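Visitor: I would like to learn how to read a two-chain model. Could you take me through one, feature by feature?

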Amino acid sequence: MAANTPLLKVDHAGIQFGGLKAVSDVNLELQKGELVGLIGPNGAGKTTFFNLLTGVYVPTEGSISLEGDKLRGLAPHKITKKGISRTFQNIRLFSDLTVLDNVKIAYHSLAKHSIFSSIFRLPSHFSGEREMEEKAIEFLKIFKLDDVLYEQARNLPYGQQRRLEIARALAASPKLLLLDEPAAGMNPQETEELMNLIGLIREQFNLTILLIEHDMNLVMGVCERIYVLDHGQLIAQGTPEQIRNNPKVIEAYLGEEVS
Amino acid sequence: MKSGKHLKGFWLSIVLAVIFSVVVQFLISGGTLNPFYVNTLFSICINIILAVSLHLIIGITGQFSIGHAGFLAIGAYASAIMTMKLGLPFPAAILAAGIAAAAAGVIIGIPTLRLRGDYLAIATLGFGEIMRIVFLNIEYVGGASGMTVSHLTTWPWVITCVLITIIVIANFTNSTHGRACLSIRENEIAADAMGINTTYYKVMAFIIGAFFAGVAGALHAHNFYIIQPPNFGFLKSFDILIFVVIGGLGSMSGSVIAAILLTIISTFLSNYPEVRMIIYSLVLVVMMLFRPQGLLGTKEITAFLKMGKSAKGGSKDGGKHTVA
């Protein structure tokens with residue numbers, strides 16, 4: 001067990017925009033199968049950190065590796081192929097496309113048929129497209145979205161859009177799933193459903209999940225470990241219980257006690 | 001079963017298109033259509049090719065490129081050089097025109113497609129103008145006085161090119177590769193995060209679009225007896241852009257219909273070029289007021305005809321629409 005390389009290893013990573021250190025000196029390790037939370041006040045750099053992991057930004061310091069492979073400098077789509085997939089804080093669906101097409105696009109990198117065979121409608125095009133469609137429909141059944149297959153994504157209610165985004169991220173068959181505030185804007189019942197869903201997909205897909213969330217109920221409820229980010233730096237890590245009682249965390253969220 | 005149904009519709013459109021082409025051929029050779037109408041018909045077809053090729057770049061991939069006349073110019077001059085200077089046959093010239101324009105598409109596409117929105121528009125506009133100035137200053141192709149080209153464009157060539165353009169671009173669009181392009185239009189960051197190589201697909205859309213614009217250039221050059229750099233200025237680019245926008249961004253049949261309608265309008269107004277541009281702008285303003293999403297919006301004509309649940313079958317319909 002000890003010889004296992006962690007699934008994700010972030011080593012002193014950070015990024016600087018001009019004079020502003022948005023994230024600096026973050027060390028983080030995820031073991032396979034863990035569900036870890038990342039919390040912090042607004043503007044702490046959580047989403048920026050996700051952007052570092054997914055290649056949207058290139059870290060100006062430190063390194064990030066997935067299963068021992070360095071990710072630095074890889075284009076986002078290559079990092080996705082290596083196995084990191086994400087959702088976005090403000091939903092980024094392909095909103096004019098159908099639910100089915102949204103998921104099919106996530107399968108794109110697995111497509112075996114070339115542009116040439118599609119243009120000339122060779123047999124490999126039809127078999128490839130059929131395979132994709134079947135897989136996507138099968139997949140959407142798990143997320144109970146199979147009754148809205150041909151609906152435009154923009155027309156779905158908010159909760160379903162969130163679910164579709166998670167489904168789409170999972171369709172890219174990641175090893176590590178990054179969820180950026182999946183419960184934002186959800187009512188308690190929807191959050192409850194989301195928690196169940198996260199548990200379900202984790203078991204079913206044998207996933208490692210890193211989760212940004214403001215809803216403490218959700219974070220404390222599902223995460224095994226929690227990292228706390230403030231002003232771009234990790235200020236604490238540990239089990240939910242430890243985090244709840246950590247004076248630094250309380251300070252970051254509520255401000256210093258007046259003495 | 002679904003693809004079977006699509007296939008049936010596809011072959012039906014092809015058969016209709018062939019019947020239509022043969023009938024028109026008889027009308028032309030029988031002299032029923034006078035040269036003015038034949039010429040208008042050719043212009044319509046060339047504009048359809050241009051509109052559909054730009055539709056792939058703007059409507060599907062969402063890259064706001066407004067230098068399409070540059071590719072048209074490259075195609076026109078490349079084909080004219082092939083037939084007039086090198087004495088090669090017309091089909092070879094058409095192919096060479098497409099390849100030359102596609103090559104330009106690669107060279108222009110790779111650096112400029114890193115830009116987004118307005119910046120890409122400005123860069124491609126610049127490209128179009130550069131091509132015009134380049135041809136203006138090359139003595140080999142006649143410079144400002146232009147280049148005379150023999151009339152080789154005939155109906156079979158025109159209609160074949162139109163059909164091939166529509167089929168290739170429709171087939172491309174209705175595949176996982178087309179969806180990759182659509183995802184870039186919808187949300188580039190998300191497309192990247194889903195593992196789509198966005199640069200590759202943007203350049204690919206650009207190349208395919210440029211190829212067919214080059215083909216249109218070959219047909220154009222061999223239809224009008226003379227080609228001059230001013231024919232390929234930015235107004236030409238805007239003409240093409242207007243087809244795509246009026247037709248509805250993302251709708252191929254829309255851009256085909258818009259190309260047909262606007263070519264007819266502008267042909268009948270061609271004695272008054274200034275009025276033509278005023279009418280164009282008026283049409284644009286009226287469209288933006290009453291139907292900002294364009295004639296057909298993002299839908300294909302089949303969606304309106306069938307109102308079926310799988311609206312995306314529209315592709316083949318472009319073929320049908322050239323016919324209609």
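Guide: We go from the chains to their contact, then to a helix pair.

Guide: This is a predicted model, so local features need pLDDT of at least 70, side-chain atom pairs count only at pLDDT 80 or more, and totals for chains, interfaces and linings use all residues. Residues are numbered from 1 along each chain as its sequence is written, while chains are lettered from A and ligands numbered from 1 in the order in which they are written.

Visitor: How many helices and strands does chain A have?

Guide: Helices (H or I, at least four residues) and strands (E, at least two) are DSSP runs, numbered from the N terminus. Chain A has 10 helices and 10 strands. Chain B has 14 helices and two strands.

Visitor: What does the radius of gyration of chain A agree with?

Guide: The radius is taken over C-alpha atoms, and the globule rule is 2.2 Å times the number of residues to the power 0.38. For the 259 residues of chain A, a compact globule would come near 18 Å; the chain has 19 Å, which agrees. Its C-alpha trace spans about 75 × 40 × 40 Å along the principal axes. For chain B, with 324 residues, the rule gives a value near 20 Å; the chain has 19 Å, which agrees. The C-alpha trace of chain B spans about 50 × 50 × 40 Å along its principal axes.

Visitor: How many residues of chain A are in contact with chain B?

Guide: Contact means C-beta atoms, placed from the backbone, within 7 Å. 30 residues of chain A touch 26 residues of chain B. In chain A, α2 (76-82), α3 (99-106), α4 (115-119) and α5 (123-142) each supply at least two residues of that side.

Visitor: At what angle do α2(B) and α10(B) pack?

Guide: Two packed helices are described by the angle between their axes and the distance between the axes. Axes are lines fitted to C-alpha atoms, for helices over the stretch in contact, and angles run from 0 to 180 degrees between N-to-C directions. Helix α2 (residues 35-60) of chain B packs on helix α10 (residues 234-247) of chain B at about 65 degrees, with the axes 8 Å apart. That makes α2(B) roughly perpendicular to α10(B), a class covering 65 to 115 degrees.

Visitor: Which residues meet there?

Guide: Among them are Leu50(B) and Leu54(B) in α2(B), and Ile240(B) and Phe243(B) in α10(B).

Notes:
Contact = placed C-beta atoms within 7 Å. Parallel < 35°, antiparallel > 145°, perpendicular 65-115°, else oblique.
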